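Hello,

Here is the structure you asked to look through. My notes follow below it.

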Amino acid sequence: MDHSPAEVTAVVPARNAEHMLPRCLEALRQSGVAEIIVVDGCSTDGTVAIARAAGARVVSDEGRGLPWARTLGVRNSSTRWVLLVDSDVVFGPTGVADLLTELVEGGYDALQAGLESVGGPGYWGQALAHHHRTGRSRNWFGLVATLVDRELMLGMGFDDSFKSGEDIELRWRMRDSGLRTAVSQRVMVEHRFAADDFDFALDQFLMDGTGLGKMIRKHGWRGARLVLLPAAAAVRGSALSLAAGQPRWLRYYVAFCWYNYAGLARGLAS
């Protein structure tokens, strides 16, 4: 049985994303999805106006955070499948159709597109993109550009106590439920960063670390192994950088490791 993007609703959480949103929404519109729902996180810039001008339906998450925003968008959809798309993602012309075909033919319950991360001219943006392109996490299922059955997503839900790391928490529950998830090897999307300065990178590090801390707090000894992730990623990234003759990335991995653990401590204490 053939399926088309007309059976897909794109859900795009966005907060102060006026610089990222136009390309994201235009690509989704051209892909032929049935509807685009932008879930606004109380933006103070032109996010809402841009979304409406692009033909998207706009709902507000009333400041309750990203997990709730995704849930709200899925609840407002009416198609069989939903595509969870971050505002910093740009699909290719046939990306949604190809991802849907791969999901159906592969018998997956949820499938994320592969990410081709690109950074701006600044050091920290370039370093983030380099890490995303070379790190093992690029093969970990997440929610950046992910196609999933609507009813399944509503049934699984999110743990609203996670304001970051909700993708890891959901991945564990989906795996425990015997669901098939994967990262596509056929569909790649452009993954951009909203900024390329240290403050932006710092926010990413702290959020990621906080999510890990919350996972450890929730799962106890089962989640304890997550405490090794920042150090392992930093050691691996540093070794690869030196092997490639690119020592300039060492500063990034030192900061990544230090502030991930600062966030992890915050997540444990929260």
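Glutamate 62 is exposed, with a relative accessibility of 65%; exposed means over 50% relative accessible area, buried under 20% and partly exposed in between, using a 1.4 Å probe and protein chains only. This residue sits in the loop between β3 and α3 (66–75), where helices (H or I, at least four residues) and strands (E, at least two) are DSSP runs numbered from the N terminus. The phi of glutamate 62 is near 55°, a positive value in a residue other than glycine.

Before going on: this is a predicted model, in which local features need pLDDT of at least 70 and side-chain atom pairs count only at pLDDT 80 or more, while totals for chains, interfaces and linings use all residues. Residues are numbered from 1 along each chain as its sequence is written, and side-chain values use heavy atoms, with hydrogens and water left out.

Asparagine 16 also has a positive phi, about 50°, although it is not a glycine. It is found in the loop between β1 and α1 and is partly exposed at 32% relative accessibility.

Next, strand β3. Arginine 57 lies in this strand (residues 57–60) and is partly exposed, with a relative accessible area of 31%. Leaving out residues up to four places away in sequence, arginine 57 touches Glu35, Ile36, Ile37, Val38 and Asn76; contact means heavy atoms within 4.5 Å. With glutamate 35, arginine 57 makes a side-chain polar contact of 2.7 Å. A polar contact is a pair of N or O atoms within 3.5 Å; within protein, one must be able to donate a hydrogen and the other to accept it, and residues adjacent in sequence count only if both atoms are side-chain atoms.

Is threonine 9 buried or exposed? Threonine 9, in strand β1, is buried, at 0% relative accessibility. Its side chain makes a polar contact of 2.8 Å with the side chain of threonine 79. Beyond four places in sequence, the residues that threonine 9 touches include Glu35, Ile37 and Trp81.

The backbone oxygen of leucine 28 is reached at 2.6 Å by the side chain of serine 31. Serine 31 is in helix α1 and is buried, with a relative accessible area of 9%. Leaving aside neighbours within four places, serine 31 is in contact with Pro5, Pro93 and Val96.

Last, the second largest pocket. Its lining includes Trp140, Arg171, Trp172 and Leu229. Helix α7 (residues 166–176) gives the most to that lining, with 4 residues. A pocket is an open set of points on a 1 Å grid over the protein atoms alone, where a 1.4 Å probe fits, with protein on both sides within 12 Å along at least five of seven lines; lining residues have an atom within 4 Å of a point.

Regards
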